[in-house]
Amino acid sequence: MTYRVLAVGDVVGATGLDYIEKNLSRIRRELGADFVVVNGENANVVGATPRQLDTIIAAGADAITLGNHTWTRWELQPYLDESAVVLRPANYAPQCPGRGAAAFRTPFGKLVVINLMGRFTLDANTDNPFLVADALLEREEAKMIVVDFHAEATSEKLAMAYFLDGRVSAVWGTHTHVQTSDARIFPRGTGYITDLGMTGAMESVLGIKSEQSVGKFLGDVPRRYDCAPGPGKLEGALFEIDTETGACLRAEAVRYT
């Protein structure tokens, strides 16, 4: 038997949230996805509020992962302790609220979702994600394990995939908001894509107003990012997993506009 996991790229602002609300359930049905993981750390453009994450869950997400903007909204801290489906990177210090991995029941046994964050150029005080992943997997017996690696560098994401190849079902990258064309299955059976892309405004720079981003590179006074309006899109990847072995049988990038 096989089990299909849909991973959805970073939701950015009101445009991304609106697209998720209106389309995620339909996309899930069309792809025959059994389980959906959405990265929601930019639902508020920078960071996310509990209400915004609840909106993503109500729209059809089974799990939500976060990243380097996890602590931007203080009200998210108690929410993370209470939520069983919203994860923050597991390599944050153990005293931080919330959890970095969670097990979900399926008709074929446990599905484990792990959230990790890279360290290259990300201004975050985190433990080594490779060693944290190793420690988590040492005590995990589930066949189906998927990993959202929220990282900047493509080299760090690829290195993580090789490190976990054959030990998890799928590794996907988030954070850079640009979908890559390298969806594949690694030699030992782990599905992979360097970056899922994003869910947000089509006419934008990573989900924000293009003129604002241009202004930043021209040297304008820094200010809070504004979500770009207009038509939205959803980007991500679909992974088909063998429920007996945990190996990935198919890895395919997806994009909806």
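Some ground rules. Residues are numbered from 1 along each chain as its sequence is written, and side-chain values use heavy atoms, with hydrogens and water left out. Because the model is predicted, local features need pLDDT of at least 70 and side-chain atom pairs count only at pLDDT 80 or more, while totals for chains, interfaces and linings use all residues.

I start with the rings. Rings of Phe, Tyr and Trp (its six-membered ring) pair if their centres lie within 6.5 Å; planes under 30 degrees apart count as stacked, over 60 as edge-to-face and the rest as tilted. By that rule there are eight aromatic pairs. In one of them, Tyr 3 and Phe 108 have ring centres 6.1 Å apart and planes at 75 degrees, so the pair is edge-to-face. Tyr 3 is in strand S1 (residues 2-8) and Phe 108 in the loop between strand S5 (101-106) and strand S6 (109-117), so the pair ties together parts 105 residues apart in sequence. Helices (H or I, at least four residues) and strands (E, at least two) are DSSP runs, numbered from the N terminus. Tyr 3 is buried, at 6% relative accessible area, and Phe 108 is partly exposed, at 32%. Buried means under 20%, exposed over 50%, partly exposed in between (1.4 Å probe, protein chains only).

Ring pairs also link Phe 130, Phe 149 and Phe 163 into a cluster. Over the ring of Phe 163 sits the charged end of Arg 167, 5.2 Å from the centre; the rule is NZ of Lys or CZ of Arg within 6 Å of the ring centre and within 35 degrees of the ring normal.

Next, helix H5 (residues 154-164). Which of its residues are buried? They are Glu 156, Lys 157, Met 160, Ala 161 and Leu 164. These cover an arc of only 140 degrees around the axis, so they lie on the same side of H5; the arc is taken from the directions from the helix axis to the C-beta atoms. The face turned away from that side carries the exposed Ser 155 and Tyr 162. Just after H5, Gly 166 has a positive phi of about 85 degrees.

Last, the sheet. Six strands form an open sheet in the order S5-S6-S7-S8-S10-S9, with mixed pairing, where pairing needs at least two DSSP bridges between two strands. S5 and strand S9 (184-185) stand at the edges with a single partner strand each, so one side of each has no neighbour in the sheet. S9 and S10 run antiparallel, joined by two bridges. Arg 184 has Tyr 192 in S10 as its bridge partner.
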